[in-house]
Amino acid sequence: VRIKYIPKVKVDNFYSAQMAKFNILNLVQYDRVLFMDSDVMPFGNLDYIFFHLSEGVKPSLQKNLVIAWDGAPSNGGFFMLTPNH
């Protein structure tokens, strides 16, 4: 697992900030990319999220993971995507 920080963008409103997070889709050299906001605090090892697909085991998670909350279509602070061209 490698950590790569995405460049900070100039943000003029909330929606621009949310859309800028999808710049991880440009990281096509990786099979899966996990985005976590700076206020997300994992309390355990997250390696298993990445390895389920690569080991040929039926994954417990979908290739693209976006978590939804009550009243919101998605959580922009924690999601995993599979970049491709």
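Which elements of the protein chain have the lowest and the highest mean pLDDT? In this predicted model, helix α2, spanning residues 47-54, has the lowest value, 66, whereas β1 has the highest, 85. For the protein chain as a whole, the mean pLDDT is 76, and 85% of the residues reach 70 or more.

The protein chain contains 2 helices and 3 strands, arranged along the sequence in the pattern α-β-α-β-β. Among contacts with a separation of 6 or more, 57% join residues 24 or more positions apart. Of the 85 residues in the protein chain, 22% are buried.

The largest nonpolar core consists of 6 residues, namely I24, L27, V33, F35, F79 and L81. Two elements, β1 and β3 (78-81), each give two or more residues to this core. Apart from it lies another core of 5 residues, including I49, L65, F78 and M80. The contacts of F79, when neighbours within four places in sequence are left aside, are with K21, F22, I24, V33, L34, F35, L65 and V66.

One of these partners, F22, is located in the loop between α1 (14-20) and β1 (33-36). F22 has a relative accessible area of 36% and is therefore partly exposed, since that class lies between the limits of 20% and 50%. Together with M19 and L25, F22 makes a nonpolar surface patch of about 280 Å². The protein chain exposes about 6900 Å² in total, of which carbon and sulfur atoms supply 57%.

Methods. Residues numbered from 1 in each chain as written. Predicted model: local features only at pLDDT ≥ 70, side-chain atom pairs only at ≥ 80, totals over all residues. Heavy atoms only, no water. Patch = residues over 30% accessible without salt bridge, like charges linked within 9 Å, V, L, I, M, F, W, Y side chains within 5 Å. Areas by Shrake-Rupley, 256 points an atom, 1.4 Å probe, with all protein chains shown as cover. Salt bridge = Lys/Arg side-chain N within 4 Å of Asp/Glu carboxyl O. Helix = DSSP H or I, 4+ residues; strand = E, 2+ residues; numbered from the N terminus. Buried < 20%, exposed > 50% of the residue type's maximum accessible area, 1.4 Å probe, protein only. pLDDT = per-residue confidence, 0-100. Core = buried A, V, L, I, M, F, W, Y, C linked by side-chain atoms within 4.5 Å. Contact = heavy atoms within 4.5 Å.
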